[in-house]
Amino acid sequence: PDRRRTRFAAALVVLGLVAAAAIGVWGWRANERADDLAAQRAERSAARTAASDAAELLLSLDAGTGAATLEKLRAMATGDFADQVDTLSSTVAGVLKQGEVASSGTITLVGVEKLEGSRATVLIAATSLVTNSELPQGELRTFRMAVGLVRTGGESGGWKVDDVEFLG
């Protein structure tokens, strides 16, 4: 009878240790998943912010600040899009001044369509009030665009725009 009790007590202790270990592993994994989710949310937020900032600059050009706005946009660009901004910079400032063009953009909706590794695609809906010498009262225009982003500088780097596609 004493042996039975001792065996039973030992079995209970072993069972308790196994249960404690299982709970510890479960807690560790849950914490790891929470950290992963927080990192994913931070990445999505950073991608949304970068795309929104670039889109707002692109839709907020005017004769007085066009060159400075394009410089800011160029700093946020990479690849083919950087080349396009360089090409625009040489011609847009003159066109804006000649036509007395002013555009004030507002982002209305932003959503990350895809985030895979160092690439992201962000969908944006925006409006812009465009005035010029022929439309001094302005005209409200609606835009939808897909902004392609690339993370530069590795895991800790920032997002840069490498493509902007205006959608129909």
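This is a predicted model: local features need pLDDT of at least 70, side-chain atom pairs count only at pLDDT 80 or more; totals for chains, interfaces and linings use all residues.

Residues are numbered from 1 along each chain as its sequence is written, and side-chain values use heavy atoms, with hydrogens and water left out.

**Stop 1: a pair of helices**

Select residues 66-75, which is helix α2, and then 79-98, which is α3. (Helices are DSSP runs of H or I with at least four residues, strands are runs of E with at least two, and both are numbered from the N terminus.) Two packed helices are described by the angle between their axes and the distance between the axes. Here α2 and α3 pack at about 175°, with axes 9 Å apart. That makes α2 roughly antiparallel to α3, a label for angles over 145 degrees. The axes are lines fitted to C-alpha atoms over the stretch in contact, and angles run from 0 to 180 degrees between N-to-C directions.

Now show side chains: Gly66, Leu70, Leu73 and Arg74 of α2 meet residues of α3 including Phe81, Val85 and Leu96. Contact means heavy atoms within 4.5 Å.

**Stop 2: Leu70**

Zoom in on Leu70 in α2. Is Leu70 buried or exposed? Leu70 has a relative accessible area of 2%, so it is buried (under 20%; exposed is over 50%, partly exposed in between, with a 1.4 Å probe and protein chains only). Not counting residues up to four places away in sequence, Leu70 touches Leu61, Val85, Leu88, Ser89 and Val92.

**Stop 3: Ser52**

Jump to Ser52 in helix α1, residues 2-58. Ser52 counts as buried at 14% relative accessibility. Leaving aside neighbours within four places in sequence, Ser52 is in contact with Ile107, Val110 and Ile124.

**Stop 4: the largest pocket**

Finally, look for the largest pocket, with a volume of about 280 Å³. Of the 15 residues that line it, Leu58, Leu61, Val101, Ser103 and Val130 are the closest to its centre. The largest share of the lining, four residues, comes from α3. (A pocket is an open set of points on a 1 Å grid over the protein atoms alone, where a 1.4 Å probe fits, with protein on both sides within 12 Å along at least five of seven lines; lining residues have an atom within 4 Å of a point. Points are joined across faces, edges and corners, and a volume is the space filled by probe spheres set on them.)

Terms used:
Angles under 35 degrees count as roughly parallel, over 145 as roughly antiparallel, 65 to 115 as roughly perpendicular and the rest as oblique.
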